[in-house]
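Trainee: I have this one open on my screen and would like to go through it with you. Could we start with the sheet and then move on to the helices?

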Amino acid sequence: MKILVTGGAGFIGSHACKALKAAGHEPVVLDNLRTGHRWAVKYGPFEHGDILETTRLARLLEQHRIDAVMHFAALAYVGESIDHPDIYYQTNVAGSLSLLNAMRMAGVTKIVFSSTCATFGNVDHPISEATPQNPINPYGASKLMIERVLQDYAAAYGIASVALRYFNAAGSDPDGELGEIHEPETHLIPITLFAAAGLREKLSVFGTDYDTPDGTCVRDYIHVCDLADAHVSALDVLEDGRFKAFNLGNGNGFSVRQVIDRAQAITGREIAWEACGRRPGDPPTLVADATAARAALGWTPRYPELDDMIAHAWRYLEDRRGELIVS
């Protein structure tokens, strides 16, 4: 199949393109390169553009004879969403509506949507698909809005959709072709590794007084290649007129302190860190129950161990450190 991958020049989107190519599909990347990287587009054609350009999107869908869409294009920083909710609703909600309407214009009726565990808010137990969704920040709220839109578009227009709510994406392509580079970087594992590599003086730990075993936030980390595999598998469970949603994680939570400790062990470097105040919008614990995804998608993570995620990210950082601008 030909798959339009919005945001395909980004971290998760580029890994999904590699997985699509390996599975025999042809990815066509659409990206405005605001946060993505042109060098990450390696597995199919590239179109520079924005998901808000509805008419152009419809033409591209027709021109490339697209069979289905994978929708990664979005803004995804929790703190930024609290400070600037307007741009989050404009990009994530209005942009997704633009894409869906372009699909209707072009007669494309299949979409896999990159959603998030942030739709659930504060939950102190493993999160299943039956867990109530109560987002506590505009980022999570914007993604939940599109899940609702997808349900309505499935019922009214027959568009088949699967929303994949994943937890903390981590790691890098083990082959070294792709990796995680954000400007600025906000994700814990790469920031921790920047400190280990001497690319930053120290790591800031936001909140050490949470109700967790060591006082720092606990998260479920999932390898980016496992996320990519799940998106490819989701293409096989799309059904006309139906919306489905699955949580993607490993079911194991690791605290910020545990990540720092494992990174020190893997890199053999001392990592300096300082305690800072809590960030607004950060739940204490987020851990997935991905039982449904494993059953429905026939999906088994290849790299479930935190050590593999850190080691793959460290290898990529060491290979590319001369090209990085760390902020």
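Mentor: Let us begin with strand β2 (residues 26-31), where five of the six residues are buried, so that the strand is largely enclosed by the rest of the structure. Buried here means under 20% relative accessible area, with exposed being over 50% and partly exposed in between, using a 1.4 Å probe and protein chains only. Bear in mind that this is a predicted model, in which local features need pLDDT of at least 70 and side-chain atom pairs count only at pLDDT 80 or more, while totals for chains, interfaces and linings use all residues. Residues are numbered from 1 along each chain as its sequence is written, and side-chain values use heavy atoms, with hydrogens and water left out.

Trainee: What is the strand order in the sheet?

Mentor: Seven strands form an open sheet in the order β3-β2-β1-β4-β5-β6-β10, with parallel pairing. Strands are DSSP runs of E with at least two residues, helices are runs of H or I with at least four, and both are numbered from the N terminus; two strands pair if DSSP finds at least two bridges between them.

Trainee: And which are the edge strands?

Mentor: They are β3 (46-48) and β10 (243-248), each of which pairs on one side only.

Trainee: How many bridges join β1 to β4?

Mentor: Four bridges join β1 (residues 2-6) to β4 (residues 68-71), and the two strands run parallel; L4, for instance, has V69 of β4 as its bridge partner. The pairing of β1 with β2 is also in the parallel sense, over five bridges, and there K2 is partnered with E26 of β2.

Trainee: Switching to helices, how do α2 and α4 pack?

Mentor: Helix α2 (residues 54-63) and helix α4 (residues 85-106) pack at an angle of about 45°, with their axes 8 Å apart, which means that α2 is oblique to α4. The axes are lines fitted to C-alpha atoms, for helices over the stretch in contact, and angles run from 0 to 180 degrees between N-to-C directions; under 35 degrees counts as roughly parallel, over 145 as roughly antiparallel, 65 to 115 as roughly perpendicular and the rest as oblique.

Trainee: Which residues of α2 meet α4?

Mentor: T54, T55, L57, A58, L61 and E62 of α2 do so, and on the α4 side they meet S98, L99, N101, A102, M103, M105 and A106.

Trainee: What about α6, is it covered or exposed?

Mentor: Helix α6 is mostly covered, with nine of its nine residues buried, and these buried residues pack against β7 (168-170), β8 (203-206), β9 (218-223), α8 (256-267) and α10. Just after α6, G198 takes a positive phi of about 80°.

Trainee: At what angle do the axes of α6 and α10 cross?

Mentor: The axes of α6 (residues 188-196) and α10 (residues 306-320) cross at roughly 55° and come within 10 Å. The contact is made by I189, L193, F194 and A196 of α6, together with L306, I310, A313, W314 and L317 of α10.

Definitions and conventions:
Contact = heavy atoms within 4.5 Å.
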